[in-house]
Amino acid sequence: MIIEFVNHASFVIHHKNTKLLIDPWIEGYAFYEGWALISKSKFNYNDFSNITHIWFSHEHPDHFSPPVLNKIPIEYRRKITVLYQKTLDKKVVEACKKMEFGDVIELNPEWTNIGDDFKIYVQPHSDGDSWLCVKTADCCLLNVNDCVMETNKQIENIKAIAGNVDI
């Protein structure tokens, strides 16, 4: 597993032929121009040509940025699978379908294979956020992102699912 930092909460997990991009906000503003990236992203729109999957932790604009997503060349978008937690309103899922991503998958909280020796577990959390656990044969990565863990029980539940976490 190779991890490539992109910007803000965004990074790419490379493992074999799978390239999972997390929360791609690479330019522009969020929260009614109240937030900006601290530094310019080296990751650019041509880099989406190698991405196989995108996972969004939640729909806040510093994680799910429609202006950025709409600038991804359509030929790249059509080859990318979007992964998102199952929600009742389906706003993110429907927006991604309208943007013509290759596939849009709503994830239940269960282990899902997305590549050769590459599986993920997505668990909804409070306030519409979710956390992600990524496992390969030699590594376990946990991304709790903006999920606030308020009780030991929440942490114990994650530990029961993730097991030993390396990153």
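Cys 96 is buried, with a relative accessible area of 0%. In this predicted model, Cys 96 takes part in no disulfide. The cysteine sulfur nearest to that of Cys 96 belongs to Cys 147, at a distance of 18 Å, whereas a disulfide requires the two sulfur atoms to lie within 2.5 Å.

Cys 139 is likewise in no disulfide. The nearest cysteine sulfur to Cys 139 is that of Cys 140, 7.1 Å away, and this too must be set against the cut-off of 2.5 Å. Cys 139 has a relative accessibility of 13% and counts as buried. For the structure, the count of disulfides comes to zero.

## Helix 3 and its cover

Helix 3 spans residues 91-98, and its buried residues are Val 92, Val 93 and Cys 96. Viewed down the axis of helix 3, these buried residues fall within an arc of 100°, so they line one face of the helix. Cys 96, with its relative accessible area of 0%, thus belongs to the set of residues on that face.

Just after helix 3, Glu 100 adopts a positive phi of about 65°.

His 15 is located in strand 2, which runs over residues 10-15. The relative accessible area of His 15 is 8%, and the residue is therefore classed as buried, the limit for that class being under 20%.

Beyond its neighbours within four places in sequence, His 15 is in contact with Met 1, Asp 116, Asp 117, Phe 118 and Thr 136.

## Overall architecture

The protein contains four helices and twelve strands. Its radius of gyration is 15 Å, close to the 15 Å given by the globule rule for 167 residues, so the protein is as compact as a globular protein of that length. Taken along the principal axes, the box filled by the C-alpha atoms is roughly 40 × 35 × 35 Å.

Of the contacts in the protein with a separation of 6 or more, 54% are between residues 24 or more positions apart.

## Burial and surface

Buried residues account for 44% of the 167 residues in the protein; Cys 96, Cys 139 and His 15 are among them. The accessible surface of the protein amounts to about 8,900 Å². Carbon and sulfur atoms contribute 50% of this surface.

Key
Residues are numbered from 1 along each chain as its sequence is written. This is a predicted model: local features need pLDDT of at least 70, side-chain atom pairs count only at pLDDT 80 or more; totals for chains, interfaces and linings use all residues. Side-chain values use heavy atoms; hydrogens and water are left out. Buried means under 20% relative accessible area, exposed over 50%, partly exposed in between (1.4 Å probe, protein chains only). Helices (H or I, at least four residues) and strands (E, at least two) are DSSP runs, numbered from the N terminus. The arc is that of the directions from the helix axis to the C-beta atoms. The radius of gyration is taken over C-alpha atoms; the globule rule is 2.2 Å times the number of residues to the power 0.38. Contact means heavy atoms within 4.5 Å. Accessible areas come from the Shrake-Rupley method with a 1.4 Å probe; for residues, only the protein chains shown count as cover.
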